[in-house]
Amino acid sequence: MTRTAVVVGVGPGLGSAVAWKFAREGDRVALFARSKEYLTDLADQLRSDTPGDARAIPTDITDPDAVASGFDTVRDAFGRVDVLVFTAFSTGVKGGGITDTTVAALTHTWETRVLGAFRCAKEAADDMVHDGGGSIVLVNSGASVRPTGTLATTTARHAARGLIRSMSADPKLGETGVQSMHVIVDGWIDKPLLREEYPEHDQWMDPDDVASVIFDLTLAPDTVHGSEIDLRHPNDDLSF
């Protein structure tokens with residue numbers, strides 16, 4: 001069955017790999033990010049090189065009206081949302097611990113990672129509970145389960161985990177066939193900017209492999225839903 005998948009946070013790396021995977025499987029893919037040029041070029045490639053369809057929908061997920069408009073565009077183009085994969089993250093976060101973090105830095109991070117995820121998940125869930133279920137996948141990092149990085153990043157990632165875990169425990173979603181899945185990618189996803197910044201690192205997770213796992217997770221059977229999975233490079237020593 002052909003599905004409509006919304007991928008939020010599409011850029012070089014995991015977001016684009018997820019879009020390619022769904023399009024190669026013949027699905028209709030809506031691409032959300034701020035970069036219009038990147039999204040447009042990728043949508044053109046997906047339409048020409050895969051059996052699926054694609055639509056570039058430049059969207060600022062920190063803007064509630066933009067998110068609502070983006071999902072309306074998806075429905076007009078492809079119909080109801082069957083799958084949401086949220087991979088967005090905030091950039092340019094400054095500060096470290098509590099003495100170095102400003103309210104502005106915390107707010108900036110939470111606007112994207114928590115409120116942005118909430119807005120997108122709510123739009124998708126509204127479709128799914130009224131029309132046959134679906135899958136909502138929020139991709140996160142190891143900072144969602146243990147403190148790493150800045151206070152702003154860690155608190156936002158913990159909160160995002162709380163959001164999707166709360167959804168997975170929501171009987172209204174479960175009873176209507178909506179799977180809510182938290183995917184912890186606890187490692188280094190291979191993408192150009194990271195390779196350039198960390199040339200000595202040698203344990204890269206292939207984004208296409210991660211995307212394949214995510215795709216498979218969205219094919220949940222009626223009687224068994226996932227709630228959380230931890231993905232990592234087999235040679236990484238990531239002790240808790």
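## Helix 7 and L194

L194 is found in helix 7, which spans residues 192-197, where helices (H or I, at least four residues) and strands (E, at least two) are DSSP runs numbered from the N terminus. With a relative accessible area of 21%, L194 is partly exposed; buried means under 20% relative accessible area, exposed over 50%, and partly exposed in between, with a 1.4 Å probe and protein chains only. Not counting residues up to four places away in sequence, L194 touches I189 and W204, contact being defined as heavy atoms within 4.5 Å. L194 and G13 lie 181 residues apart in sequence and 9.7 Å apart in space, C-alpha to C-alpha.

The model is predicted, so local features need pLDDT of at least 70 and side-chain atom pairs count only at pLDDT 80 or more, whereas totals for chains, interfaces and linings use all residues. Residues are numbered from 1 along each chain as its sequence is written, and side-chain values use heavy atoms, with hydrogens and water left out.

Helix 1 is largely enclosed by the rest of the structure, because 10 of its 11 residues are buried. These buried residues are L14, G15, S16, A17, V18, A19, W20, K21, F22 and A23. Just after helix 1, G26 takes a positive phi of about 90°.

The largest nonpolar core has 33 residues, of which V18, F22, L31, L46, V85 and I214 touch the most other members; such a core is a set of buried Ala, Val, Leu, Ile, Met, Phe, Trp, Tyr and Cys residues joined through side-chain atoms within 4.5 Å. At least two residues of this core come from each of strand 1 (4-8), helix 1 (14-24), strand 2 (28-33), helix 2 (36-49), strand 4 (83-86), strand 5 (134-140), strand 6 (178-185) and helix 8 (207-217). Helix 1 gives the most to this core, with seven residues. Leaving aside neighbours within four places in sequence, V18 is in contact with V7, V85, A211 and I214. A second, separate core of 28 residues includes V81, C120, A160 and M167.

## Strand 4 and its partners

Strand 4 pairs with strand 1 in the parallel sense over four bridges, and V6 stands opposite L84 in strand 4; two strands pair if DSSP finds at least two bridges between them. Strand 4 and strand 5 also pair in the parallel sense, over four bridges, and in strand 5 the bridge partner of V83 is S135.

## The cavity

The structure holds one cavity of 30 Å³ or more, and about 40 Å³ of space lies in the largest cavity. On a 1 Å grid over the protein atoms alone, a cavity is a set of points where a 1.4 Å probe fits but cannot get out, a pocket is an open set with protein on both sides within 12 Å along at least five of seven lines, and lining residues have an atom within 4 Å of a point. Grid points are joined across faces, edges and corners, and a volume is the space filled by probe spheres set on the points.

The largest cavity is lined by L84, F86, A117, A121, I136, V137, L138, L163 and I164. Strand 4, helix 4 (103-130), strand 5 and helix 5 (151-168) each supply at least two residues of this lining, and strand 5 gives the most, with three residues. By class, the lining has nine nonpolar, no polar and no charged residues, where Ala, Val, Leu, Ile, Met, Phe, Trp, Tyr, Cys and Pro count as nonpolar, Asp, Glu, Lys and Arg as charged, and the others, Gly among them, as polar.

## The second largest pocket

About 310 Å³ of space lies in the second largest pocket. Of the 18 residues that line this pocket, G132, G133, G134, G177 and A220 are the closest to its centre. The lining of the second largest pocket has five nonpolar, nine polar and four charged residues.

## Exposed positions

M1 is found in the segment before strand 1 and counts as exposed at 86% relative accessibility. M1 and G26 are 25 residues apart in sequence and 8.7 Å apart in space, C-alpha to C-alpha.

E175 has its place in helix 6, residues 171-175, and counts as exposed at 69% relative accessibility. E175 and W20 are 155 residues apart in sequence and 30 Å apart in space, C-alpha to C-alpha.
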